[in-house]
Amino acid sequence: MERKTKVHAEDGKQEIVITREFDLPLELLFKAYEDPEIVAQWMGTKVLKLENKKHGSYAFETSDPHGNVVFRANGTIPEFIPNKKITRTFEMENTPFPVQLEFLEFEKLADDTSKLTMHIVYKSVEARDQILKLPFAQGINLAHNRLQEIVNKLK
Amino acid sequence: MNLRRDVFQAIADPTRRAILILVASQSMTAGAIASNFDTARPTVSKHLQILTECELLEQAQNGREIYYHINAKKMKEVADFIEPFRNMWDDRFNKLEALMKNYKPGR
């Protein structure tokens, strides 16, 4: 199967670039980021708030089947240009990971294909590497900083 | 047997990830681990067995009790790969694509 999602992470840099081509018109790809109900479906999280405008903000929350909140994330949206660009911050609450800055660019390739480029900038090289090393930590929200302890053991 | 694949399968399960996080800070008995979950005890035992088999957890006998602790070395080995991170996004984007292919404007 063709690998459509590419992750480019250079050693020693505090950023990564994720690219993906979709068999979707640009407008539909953008809609998947714009419509809270659709975001909830593909991200697998509840969307508490999504203000698609300059200086807007958003909040996600995920609960386990028993109703306990296991993940919360939020951010602000410095830039929102329909069918073109979303710039936003992303912060996982109650985790040791610092806020990250995400630049999302949406491009038309053909009438029914489009491309997303997601450029993520982290606080430091170390912060980036920790996130990359613990992909399974994404989606888990933790009290007691247990995550930090795992991260420390990995160093 | 493809051990690496097994490790990734092991951490694909949310309960098993929660167990790893739980024992990261301290060694715990199976009973103590199970008390953190609403899941039935045998289910938790099964998860512990899988995590132990792929060496993410190690067992240590202390008197009559068996304690589980995290195998930091193995965790690092897993962590060194960028592939799980890529997979996470690939899964999300596949969902997005499938969803939007069936999208019908509502109004």
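# A tour of a predicted model

Select Ile86(A). This residue is buried, with 20 other C-beta atoms within 10 Å. The cut-off for a buried residue is 20 or more, so Ile86(A) counts as buried. Bear in mind that this is a predicted model.

**Stop 1: around Ile86(A)**

Show the strand that holds Ile86(A): β7 of chain A, residues 85-92. Then look for partners. Leaving out residues up to four places away in sequence, Ile86(A) touches Tyr33(A), Ile77(A), Glu79(A), Phe80(A) and Leu104(A). Next, pick the C-alpha atoms of Ile86(A) and Glu102(A). They are 16 residues apart along the chain, with a separation of 8.1 Å.

**Stop 2: the sheet in chain B**

Move to chain B. Select β1, β3 and β2, in that order: these three strands form an open, antiparallel sheet. Which strands stand at the edges? They are β1 (28-29) and β2 (57-62) of chain B. Each has a single partner strand, so one side of each has no neighbour in the sheet.

Zoom in on β1(B) and β3(B). Two bridges join these antiparallel strands. For one residue pair, select Met28(B); its bridge partner in β3(B) is Tyr68(B).

**Stop 3: the nonpolar cores**

In soluble globular proteins, nonpolar side chains tend to be buried together. Here, the largest nonpolar core has 19 residues. Select Leu20(B), Val23(B) and Leu51(B), which have the most contacts inside this core. Colour the contributing elements of chain B: α1 (3-12), α2 (14-24), α3 (30-34), α4 (41-53) and β3 (65-70) each give two or more residues. The largest share, six residues, comes from α2(B).

Stay on Leu20(B). What is Leu20(B) in contact with, leaving aside neighbours within four places in sequence? The list is Leu51(B), Leu56(B) and Ile70(B).

**Stop 4: confidence**

Colour by pLDDT. Chain B has a mean of 81, and 83% of its residues reach 70 or more. Then select residues 1-5 of chain B, where pLDDT stays under 50. The model has one contact beyond four places in sequence for this stretch. For the model as a whole, the scores are ipTM 0.79 and pTM 0.63.

Methods:
Residues are numbered from 1 along each chain as its sequence is written. Chains are lettered from A and ligands numbered from 1 in the order in which they are written. This is a predicted model: local features need pLDDT of at least 70, side-chain atom pairs count only at pLDDT 80 or more; totals for chains, interfaces and linings use all residues. A nonpolar core is a set of buried Ala, Val, Leu, Ile, Met, Phe, Trp, Tyr and Cys residues joined through C-beta atoms within 7 Å. A residue is buried if 20 or more other C-beta atoms lie within 10 Å of its own, exposed if 12 or fewer, and partly exposed in between; C-beta atoms are placed from the backbone. Helices (H or I, at least four residues) and strands (E, at least two) are DSSP runs, numbered from the N terminus. Two residues are in contact if their C-beta atoms, placed from the backbone, lie within 7 Å. Two strands pair if DSSP finds at least two bridges between them. pLDDT is the predictor's confidence in each residue, from 0 to 100.
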